[in-house]
Amino acid sequence: MSAPTNHAFAPVHVKSPSHTSVPSHTAVPSDVDLDDVFADLSTDGVSAPESDVAGLTAVVTDARERGVDLSVVVVDANPGRPSDLRDLATTVGKSEGGTVLVLSPDWMGSYSDSISRVQLETAQDRSFGESASVTADRFSHEIVAPGPPWTLYTVLVIAVVAVIAGITFAVKWRREPENTQTRHIASTSEIATSSDHRADSV
């Protein structure tokens with residue numbers, strides 16, 4: 001990414017006094033200035049190098065028109081750990097609300113107060129693109145795409161199992177009288193045969 005201009009990241013981590021209530025356990029990348037991040041997000045929902053701002057602003061605007069309260073933060077270097085991006089997203093999201101996507105050259109992290117972690121990470125896996133704006137746009141669509149209807153699948157499986165069990169029981173129930181009758185006929189035949197043998201021996 002090119003060097004940031006207006007949407008810059010200071011080399012020292014300075015936590016904004018107005019956002020001191022953010023979670024203390026998060027590991028925000030040390031080269032990210034939260035003062036700049038919060039100031040940028042308050043303007044257009046984007047905190048990124050200047051070359052990415054226009055494209056990301058369009059993505060954020062489109063997402064919000066579709067009902068997704070999206071904010072995007074781009075850092076120009078990978079942090080020490082991929083999880084630092086999620087921590088930064090969490091720090092921003094806990095303060096600003098909505099859904100936050102944080103991008104670095106090779107990784108991404110996210111936070112949302114309305115979308116599950118599973119859905120967020122699934123969207124991340126499907127969203128990598130050739131630029132920050134393409135990645136953010138894919139992400140904004142993936143997080144609202146309907147997932148597999150697992151509840152319906154479960155109900156259908158249970159119904160199929162119940163039907164199979166019912167059919168199996170019915171077949172066994174119908175065969176039982178036939179088996180009883182067959183055993184009765186066989187027993188009667190054996191008695192008759194035994195009587196014939198005794199008569200012959202006399």
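Is Glu121 buried, partly exposed or exposed? Glu121 is partly exposed, with a relative accessible area of 33%. Here buried means under 20% relative accessible area, exposed means over 50%, and partly exposed lies in between (1.4 Å probe, protein chains only). This is a predicted model, in which local features need pLDDT of at least 70 and side-chain atom pairs count only at pLDDT 80 or more, while totals for chains, interfaces and linings use all residues. Residues are numbered from 1 along each chain as its sequence is written, and side-chain values use heavy atoms, with hydrogens and water left out.

Start with the overall layout. The chain has six helices and four strands. Helices (H or I, at least four residues) and strands (E, at least two) are DSSP runs, numbered from the N terminus. Along the sequence they follow the pattern α-β-α-β-α-β-β-α-α-α. Of the 202 residues, 34% count as buried. The chain exposes about 11800 Å², and carbon and sulfur atoms supply 57% of that area. Accessible areas come from the Shrake-Rupley method with a 1.4 Å probe; for residues, only the protein chains shown count as cover. A contact means heavy atoms within 4.5 Å. Among contacts between residues at least 6 apart in sequence, 54% join residues at least 24 apart.

Four strands form an open sheet in the order 1-2-3-4, with mixed pairing. Strand 1 (46–47) and strand 4 (108–112) stand at the edges, each with a single partner strand, so one side of each is left without a neighbour in the sheet. Two strands count as paired if DSSP finds at least two bridges between them. Strands of a sheet pair through backbone hydrogen bonds, either parallel or antiparallel. Both senses can be followed here from strand 3.

On one side, strand 2 (residues 70–74) and strand 3 (residues 99–103) pair in the parallel sense over five bridges. Val72 has Leu101 as its bridge partner in strand 3. Val74 has Leu103. Strand 3 also pairs with strand 4, in the antiparallel sense and again over five bridges. In that pairing, Val100 stands opposite Tyr111 of strand 4. Strand 3 and strand 4 form a hairpin, with four residues between them.

How many of the five residues of strand 3 are buried? Five of the five are buried, so strand 3 is largely enclosed by the rest of the structure. In a regular strand the side chains alternate between the two faces of the sheet. Both faces of strand 3 are covered: Thr99, Leu101 and Leu103 are buried on one side, Val100 and Val102 on the other. Strand 4 is mostly covered, with five of its five residues buried. Met108, Ser110 and Ser112 are buried on one side of strand 4, and Gly109 and Tyr111 on the other.

Helix 2 (residues 50–65) lies across strand 1 and strand 2, running at about 160 degrees to strand 2. Helix 4 (residues 117–125) lies across strand 3 and strand 4, at about 150 degrees to strand 4. For these angles, axes are lines fitted to C-alpha atoms, for helices over the stretch in contact, and angles run from 0 to 180 degrees between N-to-C directions.

The structure holds six salt bridges. A salt bridge is a side-chain nitrogen of Lys or Arg within 4 Å of a carboxyl oxygen of Asp or Glu. Glu121 meets Arg86 in one of them (3.9 Å, N to O). This pair links distant parts of the chain: Glu121 in helix 4 and Arg86 in helix 3 (residues 83–96), 35 residues apart. Arg86 is partly exposed, at 36% relative accessibility. Glu121 also forms a salt bridge with Arg117 (3.9 Å, N to O). Both residues lie in helix 4, four residues apart, about one turn of the helix. Arg117 is partly exposed too, at 30% relative accessibility. Salt bridges that share partners join Arg86, Arg117 and Glu121 into one network.

Another salt bridge joins the side chains of Arg81 and Asp84 (3.1 Å, N to O). Arg81 is partly exposed, at 45% relative accessibility. Asp84 is buried, with a relative accessible area of 9%.
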